[in-house]
Amino acid sequence: MPGAMCRSDSTGRSGAAGKSGAAGKSGAARSVSRGTSSRGRGSAKSRDRRAITDAPPYHGIHVAPLQPEHEKIRWLKDTRRSDRVRVRKHTCDCMATIYELCYAGGLLFIRRTIRELDSRVAHETDRLITVRMEDLWMRLILGQAR
Ligand SMILES: [Zn+2]
């Protein structure tokens with residue numbers, strides 16, 4: 001099994017050590033892990049650590065940079081006309097401007113909230129059927145509409 005052989009160096013090393021000390025298998029393995037294969041284990045550990053540090057901290061959706069050619073979304077004053085609005089998707093909270101894909105009364109719209117020091121300015125798009133608004137939402141995220 002070539003897969004097993006190249007899976008890890010430490011397996012090969014401990015196997016070699018097992019040959020010499022078959023009587024004290026656990027003892028041999030322990031000494032091997034402390035000595036020869038410690039490098040292997042260390043690299044595995046640092047690999048894990050690197051993966052964690054490389055992984056971005058938890059973020060939501062970030063809108064892509066605006067494309068030079070993009071659709072201009074018509075932003076209307078936030079009317080707050082429906083009481084029952086469900087936010088289906090929203091962009092990341094770390095940005096000053098947050099976009100929310102909202103569902104109300106069988107239609108979808110996008111709400112844009114611009115947060116300033118101590119105020120929030122909200123605007124909404126027209127309400128459209130799901131398919132059309134999901135398409136616009138996608139283009140907004142991709143920087144093709146704003
Ligand atoms: Zn973010």
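**Sheet, helix and core in the predicted model**

Among contacts in the protein chain between residues at least 6 apart in sequence, 50% join residues at least 24 apart. The model is predicted. The chain holds 5 helices and 5 strands. Their order from the N terminus is α-α-α-α-β-β-β-β-β-α. Of the 146 residues, 12% count as buried.

The strands build an open sheet of 5 strands, in the order S1-S5-S4-S3-S2, with antiparallel pairing. Strand S1 (76-77) and strand S2 (86-90) stand at the edges. Each has a single partner strand, so one side of each lacks a neighbour in the sheet. In general, strands of a sheet pair through backbone hydrogen bonds, either parallel or antiparallel.

S3 and S4 pair in the antiparallel sense over 8 bridges. Two of the facing positions can be named. Glu100 stands opposite Arg111 in S4, and Leu101 stands opposite Ile110 in S4. S3 and S4 form a hairpin with 2 residues between them. Gly105, in the turn, has a positive phi of about 55°. On to the next pair: S4 is joined by 5 bridges to strand S5 (residues 120-124), and the two run antiparallel. Here Arg112 has His123 in S5 as its bridge partner. S4 and S5 also form a hairpin, with 4 residues between them.

The last helix packs on this sheet. H5 lies across S2, S3 and S4, and runs at about 30° to S4. The helix has 12 residues. From its first C-alpha to its last it reaches 16 Å, close to the 16 Å expected at 1.5 Å a residue. Met133, Leu136, Trp137 and Leu140 of H5 are buried. These residues cover an arc of only 105° around the axis, which puts them on the same side of H5. The cover over the buried residues of H5 includes S2, S3 and S4. The face of H5 turned away from its buried side carries the exposed residues Val131, Asp135 and Met138. Just after H5, Gly143 takes a positive phi of about 80°.

The largest nonpolar core has 11 residues. Its members are Tyr99, Leu101, Cys102, Leu108, Phe109, Ile110, Met133, Leu136, Trp137, Leu140 and Ala145. Strand S3 (97-104), strand S4 (107-115) and helix H5 (130-141) are the elements that give two or more residues to this core. H5 supplies the largest share, 4 residues. In soluble globular proteins, nonpolar side chains tend to be buried together. Leu101 illustrates the contacts of a core residue. Not counting residues up to four places away in sequence, Leu101 touches Arg88, Lys89, Leu108, Ile110 and Trp137. Among these, Leu108, Ile110 and Trp137 are also core members.

Arg74 counts as exposed because it has 9 C-beta neighbours inside 10 Å, and the cut-off for exposure is 12 or fewer. Leaving aside neighbours within four places in sequence, Arg74 is in contact with Thr125 and Asp126. Arg74 and His123 are 49 residues apart in sequence and 9.3 Å apart in space, C-alpha to C-alpha. His123 is the bridge partner of Arg112.

Notes: Residues are numbered from 1 along each chain as its sequence is written. This is a predicted model: local features need pLDDT of at least 70, side-chain atom pairs count only at pLDDT 80 or more; totals for chains, interfaces and linings use all residues. A residue is buried if 20 or more other C-beta atoms lie within 10 Å of its own, exposed if 12 or fewer, and partly exposed in between; C-beta atoms are placed from the backbone. Two residues are in contact if their C-beta atoms, placed from the backbone, lie within 7 Å. A nonpolar core is a set of buried Ala, Val, Leu, Ile, Met, Phe, Trp, Tyr and Cys residues joined through C-beta atoms within 7 Å. Two strands pair if DSSP finds at least two bridges between them. Axes are lines fitted to C-alpha atoms, for helices over the stretch in contact, and angles run from 0 to 180 degrees between N-to-C directions. The expected span of a helix is 1.5 Å times one less than its number of residues. The arc is that of the directions from the helix axis to the C-beta atoms.
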